[in-house]
Amino acid sequence: MLARSDQSISNHVSGETVSKLTHLDEKGEARMVDVTDKDVTEREARAEATIRMAPETLKMIIEGEHPKGDVLAVARIAGIMAAKKTHELIPLCHSLNLTSVKVELNPGEDDASVHILTRCKLSGQTGVEMEALTAASVAALTLYDMCKAVDRGMVVDNVRLLEKKGGRSGHWVAGQA
């Protein structure tokens, strides 16, 4: 158990400093963050994921020749549904009233991948980063599930937050420290 009474916990993660783990109370125990006193603001988050596959698999998807049908449409719906259920999947996440979820799936320029971009929005008291990340992850996993019979070597890669807007911490963009 971590016990860090009133002490700031600092870690160096991917070139950025995290000053406090908000899901730990003063005793170091897990807790849901209390957002009662936070202002309602417009919030938005964008995330991405990539799934790498054999060129033949991508060709089958693009040309609509997959025996399971339009796998991109199914993955898009799965990503949207996942964003809406993030609080059921990730412990301590708040249930959010999302006002917009977008999931884009585009063939990679390498002819052997699908790039997934997600965006989640709401007016609320807490951010939507986890929802955007969950949407990207589940869309990629859905593509894997639907295509695994023809390509078991696919790799889900590069799941990351690209941008977040709103709230007390303001605007953050990946790569801009």
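1. The buried residues of helix α2 (71-84) are Val-71, Leu-72, Ala-75, Ala-78, Gly-79, Ala-82 and Ala-83, where buried means under 20% relative accessible area, exposed over 50% and partly exposed in between, with a 1.4 Å probe and protein chains only. These residues cover an arc of only 135° around the axis, which puts them on the same side of α2; the arc is that of the directions from the helix axis to the C-beta atoms. As background, an α-helix has 3.6 residues a turn, so residues three or four places apart point the same way.

2. Before going on, please keep in mind that this is a predicted model: local features need pLDDT of at least 70, side-chain atom pairs count only at pLDDT 80 or more, and totals for chains, interfaces and linings use all residues. Residues are numbered from 1 along each chain as its sequence is written, and side-chain values use heavy atoms, with hydrogens and water left out.

3. Helices (H or I, at least four residues) and strands (E, at least two) are DSSP runs, numbered from the N terminus.

4. What do the buried residues of α2 pack against? Their partners are α1, α3, β4, β5 and α4, with contact taken as heavy atoms within 4.5 Å.

5. The largest nonpolar core has 31 residues, of which Leu-105, Val-114, Ile-116 and Leu-143 touch the most other members. Such a core is a set of buried Ala, Val, Leu, Ile, Met, Phe, Trp, Tyr and Cys residues joined through side-chain atoms within 4.5 Å. Two or more residues each come from β3, α1, α2, β4, β5 and α4, and α4 gives the largest share, nine residues. Leaving aside neighbours within four places in sequence, Leu-143 is in contact with Ile-51, Val-71, Leu-72, Ala-75, Leu-105, Val-114, Ile-116 and Met-154.

6. Now the sheet: five strands form an open sheet in the order β4-β5-β3-β6-β7, with antiparallel pairing. Strands β4 (100-107) and β7 (172-173) stand at the edges with a single partner strand each, so one side of each is left without a neighbour in the sheet. Two strands pair if DSSP finds at least two bridges between them.

7. Going through the pairs, β3 and β5 share twelve bridges, with Glu-48 opposite Leu-117 and Thr-41 opposite Gly-124. Eight bridges join β3 to β6, where Ile-51 is partnered by Val-156. Strands β6 and β7 pair over two bridges, and Glu-163 has Val-173 as its bridge partner.

8. Eight bridges also join β4 to β5, including the one between Ser-100 and Lys-121. These two strands form a hairpin with five residues between them, and Asp-111 in the turn has a positive phi of about 60°.

9. Helix α4 (residues 129-147) lies across β3, β4, β5 and β6, running at about 25° to β3. Axes are lines fitted to C-alpha atoms, for helices over the stretch in contact, and angles run from 0 to 180 degrees between N-to-C directions.

10. Finally, is His-94 buried or exposed? This residue, in the loop between α3 and β4, is buried, with a relative accessible area of 17%. Not counting residues up to four places away in sequence, His-94 touches Met-32, Val-33, Val-35, His-87, Thr-126 and Glu-131.
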